[in-house]
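I opened this notebook to record what I looked up about helix packing and aromatic rings. My entries follow the order in which I checked things.

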Amino acid sequence: MDPYSKRKKELPERPPESTRPSPFPDEVLELVLGLLKSNKDRSSVSLVCKDWYNAESWSRTHVFIGNCYSVSPEIVARRFPKIRSVTLKGKPRFSDFNLVPRNWGADIQSWLVVFASKYPFLEELRLKRMTVTDESLEFLALNFPNFKALSLLSCDGFSTDGLAAIATHCKNLTELDIQENGIDDKSGNWLGCLPENFSSLEVLNFANLNSDVNFDALERLVSRCKSLKVLKVNKNISLEQLQRLLVCTPQLTELGTGSISQELTERQYTELENTFKHCKNLDTLSGLWEVMTPYLPVLYPACTNLTFLNLSYAALQGLELANLLRHCPQLRRLWVLDTVEDKGLEAVGSNCPLLEELRVFPADPFDEEIVHGVTEAGFVAVSYGCRRLHYVLYFCRQMTNAAVATIVQNCPNFTHFRLCIMNPGQPDYMTNEPMDEAFGAVVKTCSKLQRLSVSGLLTDLTFEYVGRYAKNLETLSVAFAGTSDWGMQCVLGGCTKLRKLEIRDCPFGNAALLSGLEKYESMRSLWMSSCNVTMNGCRLLAREMPRLNVEVMKEEGSDDSQADKVYVYRSVAGPRRDAPPSVLTLSGI
């Protein structure tokens with residue numbers, strides 16, 4: 001029997017009423033569908049008919065799961081039998097702000113057990129906000145002989161011992177990307193566990209680990225790996241060591257440096273400068289911890305082709321940034337700290353006409369007496385010089401309605417507009433008016449807007465504007481805003497494409513929560529914390545919408561009638577079984 005005949009027997013039968021023969025053989029459909037790279041496109045195609053549904057199942061090799069509790073691993077394995085790459089997200093985003101209990105869940109182990117049985121050919125695993133233990137990493141390393149790529153972003157529960165297991169057993173590893181994780185950093189010896197004949201690595205990122213690594217092992221490794229394109233080291237790598245690594249890796253396209261603070265002799269400085277002159281392929285540069293001004297010029301020769309410059313760990317001043325940007329004519333993405341101040345952002349507007357994404361992070365978000373930072377003036381300056389800007393994340397301590405209106409008039413193609421005024425309830429500091437008209441201007445002008453974060457003193461008028469004009473909005477984040485339930489009702493009633501709604505410290509209550517009964521099943525999730533929602537309101541939602549999981553996280557000593565933190569998401573797997581006592585699940589299929 002040929003494999004296609006066997007496959008047809010294993011697939012679900014066509015419904016009796018469907019008697020029209022398929023115009024394409026299964027193998028042809030699978031080949032055609034295999035050319036589709038977008039998950040959305042593939043999902044749409046699978047709805048055409050049963051034959052296309054089956055062909056899409058068999059031809060898909062990658063799956064993205066935005067919430068690990070929206071589906072079970074068993075359901076995924078039945079639906080897609082040939083998966084080789086999995087991207088999986090776990091905890092809600094507010095876990096980044098310590099608003100989710102540490103033992104909330106999202107453990108990867110149950111997924112790995114199913115994958116070992118159904119996907120022994122798994123090659124790639126990319127996890128975000130998942131709990132990953134050393135035992136799970138060892139299980140992964142031992143049960144998937146063809147495993148190639150591991151990416152862990154904002155995960156917790158593991159240590160460098162788990163990385164040692166990956167390094168020891170994954171003989172075909174091409175990518176090891178460890179970013180911003182809650183890792184127990186025991187030592188840097190894990191890197192030495194890679195075999196001496198190992199040479200397949202293409203991506204290595206351990207930028208956020210704290211301990212010293214075995215530098216000799218690292219140098220030998222990068223010398224062997226001729227296909228290495230991405231190398232991001234931690235701040236313990238000195239300038240002299242960085243120079244030695246770069247000599248071995250002239251082919252790099254992405255570099256994350258160590259600290260730029262070591263005292264160099266004149267000879268060492270010249271060697272480092274000459275080495276950077278040969279880094280002609282770099283398009284991404286990050287790191288630059290503890291950067292010292294005299295050493296910035298050694299980077300200039302490598303900046304010619306940069307499209308992404310990540311300075312979110314480098315406390316540069318405005319003049320330092322300006323001098324650096326003069327050598328970055330191709331820059332599309334820029335991340336900086338607010339230590340650059342408005343003068344630094346004026347340099348962005350003057351030197352980066354191709355810029356599409358800007359993120360400005362606070363160097364010290366908890367210091368309310370801070371004297372430096374950025375204001376509306378820097379943002380406006382960027383908008384005049386960077387007319388292609390369509391993604392912004394901007395932390396500041398003051399803003400005006402007029403400034404935001406000017407910014408979006410200059411850059412009307414924003415798809416992501418995330419303005420974070422760090423003082424809760426801050427009005428327009430020039431007029432003392434609410435910031436309603438600022439965000440009204442955003443949603444009226446930017447018709448392509450997909451993600452919006454609002455902040456400052458806001459009334460329900462902002463949310464009326466959002467509901468009326470933001471027709472392509474998919475994600476909305478709200479904090480310390482609004483005056484009544486009407487605001488949330490406007491959003492849920494008007495934003496037809498909304499997928500994620502995140503709300504904290506707002507006056508919205510049960511009426512607002514229950515106004516989304518017709519919306520929540522088409523959304524990925526709703527988060528509400530420190531609002532006026534009650535347990536009875538959550539129970540009513542759970543009763544009315546049995547296909548939703550309604551979870552309430554209770555804080556110790558809180559009022560039993562209040563729902564402190566509410567997390568609502570659709571699930572085809574029913575209520576989860578691993579919720580800790582602090583998480584009450586009020587619904588299920």
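Entry on the helices. I was working with a predicted model, and I began with helix H7 (residues 134–143) and helix H8 (residues 160–169), which pack at an angle of about 5 degrees with their axes 8 Å apart. Because angles under 35 degrees count as roughly parallel, I noted H7 as roughly parallel to H8. I then listed the contact, to which H7 contributes residues including Leu-137, Leu-140 and Ala-141, while H8 contributes, among them, Leu-163, Ala-165 and Ile-166. Sorting the residues of this contact gave me seven nonpolar, two polar and three charged.

Entry on ring pairs. I found 19 aromatic pairs in the structure. For Trp-190 and Phe-206 I noted ring centres 6.1 Å apart and planes at 80 degrees, so I recorded the pair as edge-to-face. Trp-190 sits in the loop between strand S7 (182–184) and strand S8 (203–205), and Phe-206 in the loop between S8 and helix H9 (215–224), 16 residues apart. Trp-190 is buried at 2% relative accessibility, and Phe-206 is buried at 0%.

I next checked Tyr-269 and Tyr-295, a tilted pair with 6.1 Å centre to centre and 40 degrees between the planes. Tyr-269, in helix H11, is partly exposed at 21% relative accessible area, whereas Tyr-295 is buried at 7%.

Entry on a cluster and charges. I noted one aromatic cluster formed by Tyr-69, Phe-94, Phe-97, Trp-104, Trp-527, Tyr-567 and Tyr-569. Over the face of Trp-104 lies Arg-576, at 4.3 Å from the ring centre, and Arg-333 lies over the face of Phe-308, at 3.9 Å from the ring centre.

Technical notes: Residues are numbered from 1 along each chain as its sequence is written. This is a predicted model: local features need pLDDT of at least 70, side-chain atom pairs count only at pLDDT 80 or more; totals for chains, interfaces and linings use all residues. Side-chain values use heavy atoms; hydrogens and water are left out. Axes are lines fitted to C-alpha atoms, for helices over the stretch in contact, and angles run from 0 to 180 degrees between N-to-C directions. Helices (H or I, at least four residues) and strands (E, at least two) are DSSP runs, numbered from the N terminus. Angles under 35 degrees count as roughly parallel, over 145 as roughly antiparallel, 65 to 115 as roughly perpendicular and the rest as oblique. Contact means heavy atoms within 4.5 Å. Ala, Val, Leu, Ile, Met, Phe, Trp, Tyr, Cys and Pro count as nonpolar, Asp, Glu, Lys and Arg as charged, and the others, Gly among them, as polar. Rings of Phe, Tyr and Trp (its six-membered ring) pair if their centres lie within 6.5 Å; planes under 30 degrees apart count as stacked, over 60 as edge-to-face and the rest as tilted. Buried means under 20% relative accessible area, exposed over 50%, partly exposed in between (1.4 Å probe, protein chains only). A charge sits over a ring if NZ of Lys or CZ of Arg is within 6 Å of the ring centre and within 35 degrees of the ring normal.
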